[in-house]
Each structure stands twice: as structure tokens, then as C-alpha cells.
Amino acid sequence: MLLGATAIEDKLQQGVPETIALLTLANIKIWVLTGDKQETAVNIGYSCKMLTDDMTEVFIVTGHTVLEVREELRKAREKMVDSRTVGNGFTYQEKLSSSKLTSVLEAVAGEYALVINGHSLAHALEADMELEFLETACACKAVICCRVTPLQKAQVVELVKKYKKAVTLAIGDGANDVSMIKTAHIGVGISGQEGIQAVLASDYSFSQFKFLQRLLLVHGRWSYLRMCKFLCYFFYKNFAFTMVHFWFGFFCGFSAQTVYDQYFITLYNIVYTSLPVLAMGVFDQDVPEQRSMEYPKLYEPGQLNLLFNKREFFICIAQGIYTSVLMFFIPYGVFAEATRDDGTQLADYQSFAVTVATSWPSLQPLAVYFAILFAMHSNGLFDMFPNQFRFVGNAQNTLAQPTVWLTIALTTVVCVMPVVAFRFLRLSLKPDLSDTLVRKKQKAQHRCMRRVGRTGSRRSGYAFSHQEGFGELIMSGKNMRLSSLALSGFTARSSSSWIESLRRKKSDSASSPSGGTDKPLKG
Amino acid sequence: MERRSRLQLSRLPDITAMKQQQLPAYQLHFSATMVFSIFFASGVFCLFMGIFLILSAKSIQKVEINYTKTCGNCAKLREDAFNHNKICTCSIPFVLAKSMEGNVFMYYKLYGFYQNLYRYILSRSNSQLLSKDLKAVEDCAPFKVSHKEIPFAPCGAIANSMFNGTTKPPYWPKPIYELDPDDPENNGFLNDDFIVWMRTAAFPTFKKLYRRLHRIHYFIEGLPAGNYSFNITYNFPVTKFQGEKSVVLSTLTWSGGSSLFLGLAYTVTGAMTWLASFAMLAIHFMLKQRKASTSKWQSKALKGQSRK
């Protein structure tokens with residue numbers, strides 16, 4: 001007779017399965033490193049949908065010696081490779097060398113998972129086997145390491161960092177995660193029940209696991225985008241600005257005479273061009289945040305380093321040089337033969353300087369530029385420091401000439417038009433995901449992107465035991481003093497029905513697509 | 001439960017639009033209509049502006065006479081600094097086929113004189129020129145003080161190399177207060193020629209205003225057609241540095257000067273913008289057709305499948 005049953009509920013936080021599914025769609029590999037025992041870890045894997053019932057196979061590595069672990073890893077690899085070659089009809093008989101291994105394992109068919117114990121991990125992380133272990137693990141869709149010590153967590157992260165050249169993020173909430181958080185490129189601490197050691201050691205911290213998706217897909221992605229645009233723009237403006245002096249050198253006997261007023265040069269980076277750059281670097285958004293979360297594929301350019309690499313850098317530089325050519329030679333061409341409308345010369349050094357410098361603000365905040373320009377060229381400052389502020393009255397005079405404004409307008413047009421044309425053509429011919437998303441502002445839901453399993457209710461997921469556990473042992477009455485007759489009859493009936501109901505439940509949950517709420521076991 | 005909620009509140013980050021990255025943003029996206037309209041409009045504007053500028057530049061009349069080597073052997077004479085006392089004059093005739101109407105300006109034009117050299121531009125003293133401190137000559141090296149330790153007025157290389165029939169400190173035959181014997185107002189630092197020269201030019205080839213036509217009596221309408229000649233006192237040596245000098249007579253328009261560059265540049269820009277916009281329009285339509293044809297094909301394929 002069963003007197004009672006105890007069950008321990010290990011609640012997952014809200015939104016964990018969805019987050020994991022979304023991050024997997026964003027091409028992020030997720031590994032679980034936990035100190036729990038194997039059964040708990042596997043159950044948690046099932047409940048947060050890292051492991052699914054329709055996975056081809058879940059490899060469990062529990063060897064206690066180096067040889068056993070090696071053997072188990074080799075068998076896992078063979079199975080993965082075999083599944084790939086089954087369709088072709090060939091089988092790989094010989095042992096593959098490690099270099100061939102990488103290419104073969106990258107194209108496995110089917111989804112695999114690897115579960116490895118702490119003591120096996122200790123052997124697998126040895127110098128001669130770590131690469132094998134890493135290749136096997138990376139070929140699997142999900143990796144769960146259980147009974148892992150804090151040191152081993154750090155070692156696993158270190159292994160991935162060293163060989164995979166990927167950016168690693170470690171997220172944890174307890175003091176045993178601190179070493180892993182510190183080792184990874186980005187450490188995230190979850191502040192909550194287990195105290196704040198993880199938070200103190202981390203780069204970012206928040207209170208729920210599900211905030212990770214916003215951190216990565218919105219904040220992280222925008223941060224990368226902004227940084228790249230900022231860098232490109234910074235190099236461009238400085239190149240354009242400085243190359244003008246290079247061209248002027250040909251005309252001033254290479255005497256290092258500056259084209260601009262010295263105060264323009266001093267204030268250029270600080271005042272004139274700082275605001276637009278900062279604004280872009282802090283506020284720029286290419287796609288609204290909801291779309292960022294809906295389309296994890298937008299995360300890819302950051303992973304593939306597409307927005308600022310050698311090619312982009314050289315394009316920036318080329319644009320800078322092109323702008324500098326225009327910005328010098330157009331005013332030069334105009335001023336070489338020009339006069340003012342009252343006959344006096346226009347082509348004096350200071351007027352030229354003012355014209356070239358004013359061509360810039362077509363791309364910058366005009367008001368700031370003009371305010372400072374007129375202040376610098378004012379009589380007041382010249383009176384006070386005649387040898388410092390030499391450009392007296394120049395702005396007012398030069399900028400009253402229609403020729404000067406026409407020159408500036410022409411320079412602006414010729415600088416900007418090719419860029420607009422290129423961008424438009426690129427949008428028409430090769431739009432990438434963010435461009436198409438910007439256009440599709442009004443569309444409603446998109447089916448294909450949302451492959452996240454729907455949780456109907458807002459209750460958190462439950463982990464429950466897939467194994468039989470000790471129920472049968474208890475029910476068999478071997479550790480209870482009751483009449484054997486009554487017990488045996490009761491045992492036979494209830495144990496079979498219990499097992500059958502368990503099997504039925506398992507098949508039910510496997511067939512239905514939505515996870516639903518899995519109720520804890522009832523006797 | 002209550003304690004937890006209080007804890008949560010204390011650790012809750014600010015929910016402001018700025019910190020939660022929820023600021024409104026506007027993305028400039030290049031729709032076809034916008035791009036094409038901008039390109040066409042700017043093309044039209046540039047074309048018209050260019051034609052207008054070319055026409056106004058063409059309406060200017062200009063006479064330029066390069067007298068570097070044509071003024072007898074004055075060039076050779078001036079190459080030797082010891083000949084600075086010797087006066088060398090010549091007279092160069094020229095013919096105006098059409099009369100020059102309106103204001104006529106006379107310039108002297110120098111080729112190959114780098115007034116934009118770094119040390120040259122530095123070598124002046126604005127305090128001295130403003131009469132704030134006549135002795136402030138530090139920047140004017142090497143033309144600071146004479147061998148008698150008297151500071152030059154005006155000091156500096158710019159002043160020293162002044163273009164005129166005559167020059168002083170230390171190569172000026174006349175001091176600054178005697179630059180213009182006819183007009184007492186036009187002496188000292190306020191001398192027009194001096195001021196014009198001190199305004200350093202941007203390029204090695206430049207022209208500076210020398211005189212204006214005084215429209216009285218016979219010249220009230222401008223310069224009528226006929227035979228003229230320039231009487232030149234050749235003083236400024238240019239052949240030593242392979243430079244040249246000429247005198248220019250020119251009328252003016254609103255856009256100033258007879259340079260065709262701006263007009264041409266505008267016309268070329270307008271034409272290229274138009275060509276570019278036509279090319280982009282063509283590409284745009286080709287793409288649209290291709291998309292339409294592929295989607296038609298796709299829908300046909302789907303229909304075929306569904307029927308089966």
C-alpha cells in the first residue's frame with residue numbers, strides 16, 4: 001500500500017524554451033554545463049526543448065577511463081558519419097584523420113545530442129583528446145555536460161574559445177558559474193535566488209534568462225551595427241579632411257601649409273563632427289526592435305563580421321579620398337580664375353579656406369558650424385588676439401559671394417549623388433534581410449520565422465523524470481513489512497498499470513507538437 | 001512574496017526609452033520614387049545652372065597680355081639685384097576689337113609665385129599692421145629688424161616681396177608712407193595696393209586687382225574699341241624663379257570673372273545625373289519585369305501542383 005509520494009519540482013524560469021529556440025535560430029550554439037546529476041540535466045534538457053524526442057540519437061558518454069571515453073566518442077562520431085553516408089550506400093571503414101573529420105562532421109544529417117558526465121569530461125579535456133571531443137560536440141545540435149565542476153566549466157569555455165574562434169557567452173546564476181563567466185568573452189549573471197556572486201563577476205546581469213534574447217538580438221545587434229557605422233564614418237571624415245592637404249601640397253610647394261583655418265582643424269573632430277557621429281553611434285537603429293526579435297536571422301552579419309572588415313575599411317577610405325578630391329579640386333577650379341562680383345580677387349588663401357571648410361557642413365550640423373565660424377572671424381577676437389585669429393571678417397565677406405555658394409552646392413551634389421545611386425542599386429539588386437524588413441513595415445505576422453513552440457499557459461516548464469526511478473522498488477514492497485499476499489497482488493496490478501500509463505504519456509507527448517504543461521507524476 | 005517584490009523594485013533598472021532602447025527612430029530608405037525625383041530634379045537644376053553660368057561667363061570680355069619677356073630686356077635686367085636703381089620701361093600696344101562696356105577692372109597676374117607657402121604666410125605681424133604695437137615683429141622672421149636694429153614697418157616676407165613698380169623693406173626704394181604720392185589718404189598701412197598684396201593668394205597662379213576704370217568723359221560707357229597701349233615700369237623680377245606676369249583687363253558679371261569652370265562643372269554634373277537616373281530607371285524596370293515573370297512562373301507551378 002502506497003502511503004505517499006514525494007516529488008521535487010524544479011521550475012524553469014518563464015520563457016526559457018522560447019529563448020533557447022530563438023537563439024538557436026540565430027545560429028547560436030547552446031551548451032548546458034551544470035553540476036546536477038545526469039538525470040536532472042537530461043530532464044531539464046527535454047523540458048527546455050534542447051533535447052527533443054525526435055532527435056536521431058542522444059549520445060551519453062559516461063566512461064571512467066580515457067580509453068572508454070575515447071571509444072564512446074569514436075562510436076558517436078561513426079554513427080553521425082554513417083547516417084550521412086547511408087543515403088549514398090557507402091560506409092566508411094577506415095579511421096578518419098582529424099582534419100577530414102572536421103569537414104565530414106560539419107554536414108551530418110539528423111540531429112544529435114551529446115550528454116557527458118563530469119568524470120568523463122575530465123578525460124575528454126586532456127590535451128590529446130580535447131580536439132576530438134570538441135569536434136564531436138560541435139557536430140551535435142545540443143551538448144549537455146552534467147556533474148561538472150566549476151573548473152571544468154571554465155575549461156570547456158576555454159576549449160571553445162581556443163579552437164573554434166567563436167565568441168563565447170556564459171550565463172549563470174550561482175557562485176559555481178563565476179569561473180565560467182570570467183573565462184567567456186561575455187559573462188552574464190542572473191541575479192536572483194542564488195545570490196549575487198555571478199552578478200558581481202559578470203559583464204551584464206539581469207534577473208531572468210529570457211532577457212538574454214533581448215540582450216543579444218536587440219542591444220547586441222544594434223551595438224555592433226552602430227560601432228561599425230561609427231568606425232566607417234570616423235575614418236571617412238578624417239581621410240577626406242586630411243587628404244585635402246595632400247592635394248593642396250602640390251600647389252603650395254609642399255610647404256605643409258594647411259588649407260583650413262587652424263581653429264577649424266582644432267575643432268573639427270571635437271565640435272563640428274562629433275555630434276552627428278555620436279548621435280549615430282548611440283541612437284542608430286536599422287530595424288525596429290520588434291522585428292529584431294522576430295527575425296533572429298538578422299543576427300548573422302555580426303557573427304560573420306560582415307559590417308566592418310578589410311573590404312569595408314577600404315571602401316571607407318576610397319570614399320574619403322573621392323570626397324577629398326572633389327572638395328579640393330572643385331573650389332580650386334572655380335577659384336583659379338574667379339573674381340568677386342565687385343571685381344576684387346576671390347582667390348585669396350583665406351576665402352579658399354572658408355569655402356572648402358564650408359563644403360563640409362553640408363553633411364554636418366550647419367548651425368554649430370556657422371556659429372563658431374562667425375565667432376572666429378569676428379572683429380572682436382581679432383582685436384584681442386590679432387596674431388592668433390587671422391581670418392578676420394573673411395566669413396562674412398566670402399559667404400556673401402554667390403559663386404562660393406554655387407561651388408559649395410556643386411561639391412555637395414557631386415559627393416552625395418554617387419553614394420545615393422550606389423545604395424539604391426544595391427537595395428534593388430542585392431537587398432539583405434534588414435533592407436527588406438525596413439520596407440515591409442505594414443505586414444502582419446510571418447509564419448515561417450516563428451518556429452517557437454507555443455506554450456499555451458504562462459506556467460513555467462516542469463522537469464520530470466523520464467526514467468522509472470525507484471517507484472517499482474518501493475511498490476514491490478521489498479522494504480516494507482506487510483502481508484506478502486496483499487502486496488504481491490497490489491504490486492502486480494498497479495505497477496503494470498503505472499508503467500503502461502507512463503509509456504502512454506510518453507507517446508502522447510511525443511506525438512503532439514506543443515509541449516503543453518507536463519504534470520508531475522502521480523502515483 | 002512581498003519581500004521579493006520589494007527586492008525586485010530596488011534592483012529594477014530604469015525603464016526609460018533611452019535605456020531600454022525604445023527611442024523612436026526613422027530610417028531613411030531609398031524608395032524608387034524618392035531617388036528618381038531627387039536625381040531628376042538635381043539634374044535639371046545643375047544643367048540649367050551650368051548653361052546659365054556658361055552664358056554669363058561668355059559675355060565677359062577679357063584681355064590678357066603677358067609681358068614677362070616682351071618688355072625689351074627688362075627681364076634680364078631685373079634678374080640682377082644690383083640693377084634695382086635702373087629704371088626700365090616699355091610700352092605694349094594692344095587692340096580692342098569690341099568695346100568693353102560697364103566697369104572695367106585691371107589686374108596684374110602672376111604665375112608661379114607661391115604666396116601660399118607656409119613660412120611666407122606666417123611672416124607678417126597683424127598687431128603692427130593694426131597699429132596696436134608697431135614693435136611686435138617676432139613672427140616676421142627673417143625680415144624683423146634692419147642691420148641697425150630698427151624694426152621694419154611693415155615687417156615680414158609678404159610685405160617685403162610686394163608687387164609694385166617699386167618695393168621696400170629691405171627691397172623697397174620708398175618707405176611705406178610714400179607709396180602713393182598723389183593721394184595722401186592712400187599711404188601708410190592703408191595703401192590699397194599694400195592691402196591687396198598682403199592678402200595672400202591661395203594658389204601660385206593668381207591675379208590681384210590693380211586699378212579700376214575711372215568712368216569719366218570719354219570712358220563713361222566703358223572702354224570703347226580702338227588701339228591702346230600699356231606703359232609699364234618693369235620692376236618686379238619674375239624670371240629668376242621661372243615665373244611669369246601679365247596684365248589683365250576684364251569686365252564682370254554677377255558670377256564674377258570669366259571662368260568657365262563652374263558652368264562646365266555644373267553642366268557635366270547635370271548631364272551625368274540625368275544619365276545615371278535613366279540608367280537606374282532602366283535597371284529598375286528590368287528588375288520589376290523579372291520579378292513579375294518569376295512570380296508568374298511560381299504561381300503557375302503552384303497551380304499545376306495543386307491540380308495534381
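This is a predicted model: local features need pLDDT of at least 70, side-chain atom pairs count only at pLDDT 80 or more; totals for chains, interfaces and linings use all residues.
View 1

**View 2. Overall extent of chain B.** The C-alpha trace of chain B spans about 110 × 70 × 40 Å along its principal axes. Chain B contains eight helices and eight strands. Its radius of gyration is 34 Å, well over the 19 Å that the globule rule gives for 308 residues, so chain B is more spread out than a compact globule. Of the contacts in chain B with a separation of 6 or more, 72% are accounted for by residues 24 or more positions apart.

**View 3. Packing of helices H1 and H10 in chain A.** Helix H1 (residues 16–25) of chain A packs with helix H10 (residues 211–249) of chain A at an angle of about 25°, and the two axes lie 9 Å apart. Because angles under 35 degrees count as roughly parallel, H1(A) is roughly parallel to H10(A).

**View 4. Residues at the contact of H1(A) with H10(A).** H1(A) contributes Glu18(A), Thr19(A), Leu22(A) and Leu23(A) to the contact, whereas H10(A) contributes Leu212(A), Gln213(A), Leu216(A) and Leu217(A). Five of the contact residues are nonpolar, two are polar and one is charged.

Methods: Residues are numbered from 1 along each chain as its sequence is written. Chains are lettered from A and ligands numbered from 1 in the order in which they are written. Side-chain values use heavy atoms; hydrogens and water are left out. Axes are lines fitted to C-alpha atoms, for helices over the stretch in contact, and angles run from 0 to 180 degrees between N-to-C directions. Helices (H or I, at least four residues) and strands (E, at least two) are DSSP runs, numbered from the N terminus. Angles under 35 degrees count as roughly parallel, over 145 as roughly antiparallel, 65 to 115 as roughly perpendicular and the rest as oblique. Contact means heavy atoms within 4.5 Å. Ala, Val, Leu, Ile, Met, Phe, Trp, Tyr, Cys and Pro count as nonpolar, Asp, Glu, Lys and Arg as charged, and the others, Gly among them, as polar. The radius of gyration is taken over C-alpha atoms; the globule rule is 2.2 Å times the number of residues to the power 0.38.
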